[in-house]
Amino acid sequence: MPRYPDNTISLVADVGGTNTRVALARDENLLVDTIRRYRNTEFAGLETVLRRYLDEEGNPDCIGASVAVAGPVRDGRGELTNLDWAIDSETLARATHAETVAVLNDLQAQGHAIGRIPDENLRLIVDGDETSGAASLVIGVGTGFNAAPVHETPAGRYVPPSEAGHANMPIRTEAELRLCQYVETAHGFPAVEDVLSGRGLERIYAWASSEAGLHNELQAAEIMAACDNGSDDVAREAVSHFIRTLGTVAGNLALNHLPFGGMYLVGGVARAMTPWYDVFDFAGAFRDKGRFAGFMKNFRVSVIEDDYAALTGLAVHLNALRQ
């Protein structure tokens, strides 16, 4: 006997640069005990990952399937910068035989999860007013950087895609100008993602080390560990600079989108920074907007500590498509 009745279950998958997480969902509810993680290098493409997963779950008859892609999505096709996989609606439908399919940017998926995340998985870092039904904003800080506004409309929730991480990095001080020039010399165009990501933290550390005449390099996890245990002043300076820059960029995005419904930081790097937001005054950098500093108190910022929020968002989006 099948584990699930036909046409009652959806498949959702979150495709990152290194791993793909796959799960089943019933309506808007993620079935947590079905979550599995697969290492991308062990598979030829997404279709083989999904077929493996379905085999392991007893080949349920899925009514819907949706995938979140860590990269730009257009016309039902997603692209990852460091993974040569075909990720499109046709591939998804062929692999799952689902009747309703959708391919989303990973931040779009996170946006659809807003309002469905338990309070215990939300950590407030900047207090402020919050208006029910108003626009929200999700900011992803992990392997890359991106942001997605979340709009409530009469036709349902709308989460448009963006590539905010590829805008110019902000420059206000002489030190930020030197960092910009360092990034530009070593890596080309100095984008937000080049400093606000895992590899961005590594670049900030390398720059801060060169400023101190040391020329050391560390991996992101090593930088965070050294900051945590107080063994490296350069690591502490790198994390401080990272958080102040993140505050500036988040404040800019708040003014762009006016997310009176709340702002949410997601991603592994955003979570790793949680102990340091207050220490290095994220809120001060966020609100440092001159005569608009008071206006910035309208925005509330939280960190999402639910590692499966994108999967939940995919389930929510699929359920809305079927209504």
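Two strands count as paired if DSSP finds at least two bridges between them, and strands here are DSSP runs of E, at least two residues long, while helices are runs of H or I of at least four, all numbered from the N terminus. Hi everyone, with that in hand, let's look at this one together. It is a predicted model, where local features need pLDDT of at least 70, side-chain atom pairs count only at pLDDT 80 or more, and totals for chains, interfaces and linings use all residues. Residues are numbered from 1 along each chain as its sequence is written, and side-chain values use heavy atoms, leaving out hydrogens and water.

Let's start with the strands. β5 (residues 73-74) pairs with β6 in the antiparallel sense, over two bridges, and R74 stands opposite R77. Two residues lie between the strands of this hairpin, and D75 has a positive phi near 50°. Buried, by the way, is under 20% relative accessible area, exposed is over 50%, and partly exposed is in between, using a 1.4 Å probe and protein chains only. β6 also pairs with β7 (residues 83-88), antiparallel over three bridges, and there G78 has I87 as its bridge partner.

Now, over to helix α4, residues 174-187. Which residues of α4 are buried? They are E176, L179, C180 and V183. Because they cover an arc of only 100° around the axis, they sit on the same side of α4; the arc is taken from the directions from the helix axis to the C-beta atoms. On the other side, E174 and T185 are exposed. Just after α4, G188 takes a positive phi of about 90°.

How values were computed
The expected span of a helix is 1.5 Å times one less than its number of residues.
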